[in-house]
Amino acid sequence: MIPVLDGFDLIAPASLDEALRILASDRDARPFAGGTDLMVVLEAGHLPPGRYVSLWAIRELHGIARDDRGGLVLNALTSFSEIRESPLVADAFPMLALAAREIGGIATQNRATIGGNIANASPAADSPPALLAYDAEIELLSIRGRRRMPYGDFHTGYKKMRLEPGEIVARVVLPSRQVGWRDGYRKVGTRRAQAISKVCLAASVLMDGDDVADVRLALGSIAPTVVRCRAAEDAVRRRTLSEEVIANATRAVLTDIAPIDDIRSTAQYRSAVAQNLVAAFLRDSL
Amino acid sequence: MTATPARIECTINGEPRALEGHPMSRLLDALRAAGLTGTKEGCGEGECGACAVLLDGTLVNSCLTPLAHASRAAITTIEGLAIREQLHAVQQSFLECGGAQCGICTPGMVLAAVDLLRRVPNPTEDDVRAGLAGNLCRCTGYMRIFAAVLDACRRMPATNAER
C-alpha cells in the first residue's frame, strides 16, 4: 500500500552542523537513518507526521575506527554490512559481527545502522545485547555538545530512552578488554534467516582456572528493554563453576527478565529458552 | 506542513533519469511508475526481497528506500542486467536450472545473486544460502535457485562478475 504522505517531509542536510541545527530548531523534527525500521512503521500508518532529517549522507557519521585507548568507535550510521565485514570488529568484538549477520538479509544489513538499531529502541533488536555484554558506551550529540553514557543506562522502558530533544545517537564506543574472555552469541527466532528474535543472548565469561573471574550475560526480547542479567551474573561471578552454580544462575535469570506473550512467542517459551541459553553458554566453561 | 512534491535526478541502468515523488515515498513506487515494473512488491516491509535493486552497487529493498536516498544514485534494476538479447549469466542459469517458477521473487532473487557473486566470486552453498537469506520464494523450495547461482559462477568469466 502506498501511504499518504501529507504532513511528512524528509530532508537530507549535507552537513552534520546543519542537521543538528534543524533538529534543535524544530522540536518535532526526528532523525532518520537507513530507513529499515521507520519506512516499515510509515508503511503501516503508525509513523507520526512531521519533518524527518536524514543523516545518511553525512560522511562523519559513518565508519569504524580504533580509539586512542585501544577500543573501537562505531559511528552511528555505520551499517551492519560494514560491521559484518570489519576485521577490527571480528577480531575484538566477534559477537557484534555475529549479531550484524543475523539482522535481516543482506539488503537490510546494507542500510540498517548501529545508531538506528539503538534509537529505534526495540527490545528485540539484535545488536544491543552484544553492546551490553561489551560494556559499550554511547555518545549523544546535539547543537549544545556531546555527552557520553554507559549504553546500559540509555533505555529506560519500552521504546523509551534518555535522548533529549535535538539530540542524536552519534557514536558507540566499545572499550578494550583484557585478553581471555570467551564470547557466546545466540539468536533464537522462527527460522534461521530473516526472523525477529524470540530470545537473543550475548554472553562473555573470563575464567581463572575453574573460577569465574568475571561474566556478562545480556538478553534481548525478554523485557521492555534489552537487559543485563545482573542476578544471574552475581550467581556465578567469583565462584568455582559447577553444575550447581550454573543451576543457581539459571534460576536467577528469571528475576532478571520480564517476558510477555506477543505475536512472536510466549512468556513461558521465552523464559525457558533464556534459561537454556544461559546454562548452555556457562556449561561450555565447565 | 505540506508534503513537498519533488523530483530527484539519478541514473537508472546507465541512463540519466528523473524520478518524481514525495521525498519519503518509496523508491519501489517511483521505479514502477517510471515503467520499470520488473521490480516487484512482495511484502512491502523488507522481509521478502522481491523489490531488491542495486543502489550505488549495494543491494537494497526499494520498499524501504525513501526516494530522497536515491538522489544522485546509480540504480540497477532487473531490466538493466541483460545486454540486449544477451542475458546475464545469473539470468541464464536461473532459466536453465529451473530457478524461476511464478516469477514474483525472481528479479530480487537474481539481483541478490548478482550482488553475492560480486562480493564472493566463488561461493559455497552456505554462502549462497546466506546471500539469498533475505529473499523469499514460495514456489521452488529454493534448491533450484541455489543450484542456479552455483551454475552461474561456473558460467561466469571473472570480468562478467562486474556487470
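1. Domain bounds in this note come from an automatic or database domain assignment. On that basis, chain A comprises domain 1 (8-54), domain 2 (59-174) and domain 3 (183-283). The centres of domain 2 of chain A and domain 3 of chain A, taken over C-alpha atoms, are 21 Å apart.

2. On provenance and numbering: this is a predicted model, in which local features need pLDDT of at least 70 and side-chain atom pairs count only at pLDDT 80 or more, whereas totals for chains, interfaces and linings use all residues. Residues are numbered from 1 along each chain as its sequence is written, and chains are lettered from A and ligands numbered from 1 in the order in which they are written.

3. The boundary between domain 2 and domain 3 of chain A involves 20 residues of domain 2 of chain A, in contact with 22 residues of domain 3 of chain A; two residues are in contact if their C-beta atoms, placed from the backbone, lie within 7 Å. On the domain 2 side, the elements giving two or more residues are helix 5 (94-101), helix 8 (128-133) and strand 8 (155-157) of chain A. Helices (H or I, at least four residues) and strands (E, at least two) are DSSP runs, numbered from the N terminus. Helix 8 of chain A contributes the largest share of this side, 5 residues. The residues of this side of domain 2 of chain A are 13 nonpolar, 5 polar and 2 charged. Here Ala, Val, Leu, Ile, Met, Phe, Trp, Tyr, Cys and Pro count as nonpolar, Asp, Glu, Lys and Arg as charged, and the others, Gly among them, as polar.

4. The contact between the chains takes 28 residues from chain A and 30 residues from chain B. Strand 1 (8-11), helix 2 (38-43), strand 3 (50-54) and helix 6 (106-111) of chain A each supply at least two residues of the side that touches chain B. Of these, helix 6 of chain A gives the most, with 5 residues. By class, this side of chain A has 14 nonpolar, 9 polar and 5 charged residues.

5. How enclosed is strand 10 (residues 168-174) of chain A? Because 6 of its 7 residues are buried, strand 10 of chain A is largely enclosed by the rest of the structure. A residue is buried if 20 or more other C-beta atoms lie within 10 Å of its own, exposed if 12 or fewer, and partly exposed in between, with C-beta atoms placed from the backbone. Strand 10 of chain A pairs in the antiparallel sense with strand 5 (residues 72-75) of chain A over 4 bridges; two strands pair if DSSP finds at least two bridges between them. In that pairing, A:V172 of strand 10 has A:L74 opposite. Strand 10 of chain A also runs antiparallel to strand 6 (residues 137-142) of chain A, joined by 5 bridges, and A:L140 stands opposite A:V169 of strand 10.

6. A further sheet in chain A is open, with 4 strands in the order 11-12-13-14 and antiparallel pairing. Strand 11 (181-188) and strand 14 (227-228) of chain A are the edge strands, each with a single partner strand, so one side of each is left without a neighbour in the sheet. Strand 11 of chain A and strand 12 (residues 199-208) of chain A run antiparallel and are joined by 8 bridges. A:D183 stands opposite A:S204 in strand 12 of chain A.

7. Chain B has 5 helices and 5 strands, which follow the pattern β-β-α-β-β-β-α-α-α-α along the sequence. Its radius of gyration (taken over C-alpha atoms) is 16 Å, close to the 15 Å that the globule rule gives for 163 residues, so chain B is as compact as a globular protein of that length. The globule rule is 2.2 Å times the number of residues to the power 0.38. Buried residues make up 52% of the 163 residues in chain B.

8. Chain B is divided into domain 1 (6-80) and domain 2 (89-162), whose C-alpha centres lie 21 Å apart. Between them, 13 residues of domain 1 of chain B are in contact with 11 residues of domain 2 of chain B. Strand 3 (residues 52-55) of chain B gives the most to the domain 1 side, with 3 residues.
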